[in-house]
Amino acid sequence: MKRTFADLHLRTNGTDPTQTKKLLDKVFELGYTIVATSFSPQAKPEEIRQLRAACSEVGLDFVSRVDLRPHSQNDLLEMLRRLRRRFEVICVSCESKDVARQAAKDHRVDLLSFPFLDARHRFFDRAEAELASCGNAGFEVDVKPLLVLDGPTRVRFLSSLRREVAVALEFHLPVVVSSGVSEPILLRKPRETAALAGLFGLAGEAALDAVSTNPSELVMRNRGKLSAGFVAPGIRVVKQGENL
Amino acid sequence: MKRQKRRYLALRLDVESAPGDRDFLDAVWSSVTRLVGEVGASLAGLALVRYDIEGKTAILRVNLVAVDNVRAAVAAMTVLGGKAAAVHVVAVSGTIKALLEGLKS
């Protein structure tokens, strides 16, 4: 069966529609079908509508995504309460251990990401993975740092990623590999992104799943939950009848 | 000695002006060496089979065991001839004939 490729982390500049159009054209040309761009929690519905229209014009399936950078657990819970029904994908950038733990166990969080430069702030360990395996969260890796970093910084980054991906696989967490780029020249084809994923321990089918099956399933699951007929996991309204 | 199995990669250069063939191959070697080290690069058996500077296309020959590493190294290239660039793998095949036929179709 033909794979559907997804890039769940594009960074677009809302104030520059020309650049956004170029980026979306390139994404389509490279073979992606599903694309998500990250919005701030303050994003207006109008901005999301405009980008959705731009994507559908190009032929891409648009997914709304919000990136949260909470300072505390309470901050995260408040953001999740406010934003879960507004966005199809919620990614939490875990900048403290408390936030990372809360995000991992909260069923409303879809993706966990960690700051790439500071190894001390990468809290993805076995405890984090165990919590995430009970929730819904996947582990997101952006390939942009692999393209822009060089030398020892890239070596350290690869080393952290290899360790974290091994932990994620051990706990059967879905790994999602995204681009994380804002310039068209840094975009890569899905199979090239998968090849880059091979550098940190995702080989063959697992790497391809990380750019196709895992992100697609996440999006479909969330769309199902956000649809009007959703009642609870496994239960949805198929048809409404009249009370007799 | 058993003959090495090889693969041919058709590449498309996404850059304003493509560099000369020697500069391009140096850039590929450099990326492979940075990514997989000198030992890894020595296993790649890299060779530039064809290079079209105007059409911005190239065909690389690599050893089968190193295809994934070379693919990653090519994807990791961001500069060619001092300009921002991307190199995309368009097709992979075991023979040049099949590669060219695949590209035509």
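Here are legends for a handful of close-up views of this predicted model.

The model is predicted, so local features are given only at pLDDT of at least 70 and side-chain atom pairs only at pLDDT 80 or more, while totals for chains, interfaces and linings use all residues. Residues are numbered from 1 along each chain as its sequence is written, chains are lettered from A and ligands numbered from 1 in the order in which they are written, and side-chain values use heavy atoms, with hydrogens and water left out.

**View 1. The seven-stranded sheet of chain A.**
Chain A has an open sheet of seven strands, and they come in the order β1-β2-β3-β4-β5-β6-β7 with parallel pairing. Strands here are DSSP runs of E with at least two residues, helices are runs of H or I with at least four, and both are numbered from the N terminus. Two strands pair if DSSP finds at least two bridges between them. At the edges sit β1 and β7 (175-178) of chain A, each pairing on one side only. From one strand to the next, the twist averages 30 degrees. (The axes behind such angles are lines fitted to C-alpha atoms, for helices over the stretch in contact, and the angles run from 0 to 180 degrees between N-to-C directions.) Look inside the sheet for β4 (residues 89-93) of chain A, which is joined to β5(A) by three bridges in the parallel sense. Ser93(A) has Ser113(A) of β5(A) standing opposite.

**View 2. Helix α1 of chain A and its two sides.**
Helix α1 of chain A takes in residues 17-30. Its 14 residues reach 20 Å from first C-alpha to last, close to the 20 Å expected at 1.5 Å a residue; the expected span is 1.5 Å times one less than the number of residues. Buried in α1(A) are Thr20(A), Leu23(A), Leu24(A), Lys26(A), Val27(A) and Leu30(A). Seen down the axis of α1(A), the buried residues fall within an arc of 160 degrees, so they line one face of the helix.

**View 3. What covers α1 of chain A.**

**View 4. The four-stranded sheet of chain B.**
In chain B, four strands make an open sheet in the order β2-β3-β1-β6, with antiparallel pairing. β2 (47-52) and β6 of chain B are the edge strands, each pairing on one side only. The twist from one strand to the next averages 25 degrees. Seven bridges join β1(B) to β3 (residues 57-63) of chain B, and β1(B) also pairs with β6(B) over seven bridges. Arg12(B) is a handy landmark: it stands opposite His88(B) in β6(B) and opposite Thr57(B) in β3(B). Leu11(B), meanwhile, stands opposite Ala58(B) in β3(B). As for β3(B), it's mostly covered, with five of its seven residues buried.

**View 5. The hairpin of β2 and β3 in chain B.**
β2(B) and β3(B) pair in the antiparallel sense over five bridges. Asp52(B) has Thr57(B) in β3(B) as its bridge partner. Four residues lie between the strands of this hairpin, where Lys56(B) takes a positive phi near 55 degrees.

**View 6. Helix α5 of chain A and its neighbours.**
In α5 (residues 126-134) of chain A, look for Glu128(A), Ala129(A) and Ala132(A), which are buried. Down the axis of α5(A), the buried residues fall within an arc of 95 degrees, so they line one face of the helix. They pack against α4, β5 (111-113) and α7 (151-170) of chain A.

**View 7. Two buried polar residues in chain A.**
Arg122(A) lies in the loop between β5 and α5 of chain A, and at 12% relative accessibility it counts as buried. Its side chain makes a polar contact with the side chain of Glu164(A) at 2.7 Å. (A polar contact is a pair of N or O atoms within 3.5 Å; within protein, one must be able to donate a hydrogen and the other to accept it, and residues adjacent in sequence count only if both atoms are side-chain atoms.) Gln102(A), in helix α4 (residues 97-105) of chain A, is buried too, with a relative accessible area of 12%. Leaving aside residues up to four places away in sequence, Gln102(A) touches Gln73(A), Leu76(A) and Leu77(A), where contact means heavy atoms within 4.5 Å.

Definitions and conventions
Buried means under 20% relative accessible area, exposed over 50%, partly exposed in between (1.4 Å probe, protein chains only). The arc is that of the directions from the helix axis to the C-beta atoms.
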